[in-house]
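Here's a quick briefing on some side-chain contacts, salt bridges and surface charge. Have a look at the model first, then read on.

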Amino acid sequence: MSQARWKKTPFTRAGLALATALAASVSLTSAHAAGEVEVLHWWTSGGEARAANVLKDLMEAEGYGWQDFAVAGGGGETAMTVLKSRAMSGNPPSAAQIKGPEIQEWGELGLLGTLDDVAEAEGWDQLLPATVADIMRYDGQYVAVPVNVHRVNWLWANPDVLEQAGVEMPTTLDELFVAGEAIREAGFIPLAHGGQAWQDATVFETVLLATGGVEFFQRALVDLDPEALGSEQMVEALETFKRLRGLMDDDMSGRDWNIATSMVINGDAAMQLMGDWAKGEFTAAELTAGEDYLCAAAPGTVDAFTFNIDSLAMFRVEGEAHEAQQALARLVLEPTFQEAFNLAKGSIPARPDLDMSEFDVCARQSLADFQRTADEGGLVPSMAHGMAVRADVQGAIFDVVTNYFNARDMEAEQAAQRMVNAAQAAL
């Protein structure tokens, strides 16, 4: 996946003024057909596309139009580049898949519309966990609606491959490396991976969580503490991260995440470190959790939950387009969509009050772990998936992580110092 360069160059004051002026100069109503929503998203893989179609069907069942604006790219970088172009021309979609700190950035542009009326009518304050609700607000008002909650720190495995290699699901990083050797000797790829920057960062933050723990993760990847970024703990995490290359195949460069998941599904690879959107691919392949494939917290992270919340932020529209947009926001949090979408996507509902009996063992475990870690202080936002830091800071960290992972001559100490420099420069 090509990395969007704009992530490293956040909107300047001039850019903010230009975007606001352009937005004001264009009739927002005329940009959208009456009673229709245009939704920009990057749910384009098999399981994700099926999940997105659920919302489209619900909107159309209520008589509203749906204009799909899907932009391929698992990490969403390409979609955000397209969205920036649309916004700067004064013609944003009525809704876009935006998450984490980026919601605040778009709110600062003055382009997001409020959802407070529908939030009050539907009781969002009572339905949503405080952690989730806070992310959906800008300046005290709801401007986005959560679609789901993903857990990023998951390990997925093919039980037949593990059995043929004579190993069990590893629960620590040491066990992962030992199992990997046995799997390689049995003729399989131990760890499926796609050589893209966001995937490298996903594995890296999981390793850092396992080696450093929740407090260190918070200091390094959320607070961007220079002492943490340049510390011996960071060096250890980087060294362990790079060791994982020995468990991967030589053809991983540029591979999409869902192709890596298919390697596990097809029995070419034993395991994959990936968020629970991977479960949507297993579901699309008609496999049963706990039987045809296995899931567990990534080795060493059982007491932590790295979260990634998909959400739809709403841009300012008027008239019948506004009515359709409010209906979209309402439908996203209603039980019908929350259940259908998350069953297809592999995630868990954004509202924890739903009946989980139709969900598989992985999803039920995920919800239980979400609630437990929220109570115990083990809930952390994913840096790799846009929940922890601004996009430009994330992009700077991505560059360091992926360059180190793929360089033969860069030492972990050098990478740690570059991470300190990158974070300070971006800030």
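The side chain of Asn 153 reaches the backbone oxygen of Ala 304 at 3.1 Å. That's a polar contact, meaning a pair of N or O atoms within 3.5 Å, where within protein one must be able to donate a hydrogen and the other to accept it, and residues adjacent in sequence count only if both atoms are side-chain atoms. This is a predicted model, so local features need pLDDT of at least 70 and side-chain atom pairs count only at pLDDT 80 or more, while totals for chains, interfaces and linings use all residues. Residues are numbered from 1 along each chain as its sequence is written, and side-chain values use heavy atoms, with hydrogens and water left out.

**Buried spots**
- Asn 153 sits in the loop between strand S7 (150–151) and strand S8 (154–157), and counts as buried at 0% relative accessibility.
- Buried here means under 20% relative accessible area, exposed means over 50%, and partly exposed is in between (1.4 Å probe, protein chains only).
- Met 59, in helix H2 (residues 46–61), is also at 0% relative accessibility and counts as buried.
- Helices (H or I, at least four residues) and strands (E, at least two) are DSSP runs, numbered from the N terminus.

**Salt bridges**
- The structure holds 16 salt bridges, each a side-chain nitrogen of Lys or Arg within 4 Å of a carboxyl oxygen of Asp or Glu.
- Arg 86 pairs with Glu 38, the closest N and O atoms being 2.9 Å apart.
- Arg 86 lies in helix H3 (residues 77–88) and Glu 38 in strand S1 (residues 36–41), so this pair ties together parts 48 residues apart in sequence.
- Both ends are buried: Arg 86 has a relative accessible area of 15%, and Glu 38 is at 8%.
- Arg 137 and Asp 125 also meet in a salt bridge (2.9 Å, N to O).
- Arg 137 is partly exposed at 21%, and Asp 125 is partly exposed at 48%.
- Arg 151, Asp 303, Asp 369, Arg 372 and Glu 376 are linked in a network of salt bridges.

**Surface charge**
- Glu 232, Glu 236, Glu 239, Asp 409, Glu 411 and Glu 413 gather in a negative patch on the surface.
- For a charged patch, residues need over 30% relative accessible area and no salt bridge, with like charges joined within 9 Å.
- Helix H12 (residues 232–243) gives the most to this patch, with three residues.
- Glu 232 is in helix H12 and counts as exposed at 61% relative accessibility.

Conventions:
Patch = residues over 30% accessible without salt bridge, like charges linked within 9 Å, V, L, I, M, F, W, Y side chains within 5 Å. Areas by Shrake-Rupley, 256 points an atom, 1.4 Å probe, with all protein chains shown as cover. Lys, Arg positive; Asp, Glu negative; His and termini not counted. Charge placed at Lys NZ, Arg CZ, Asp CG, Glu CD.
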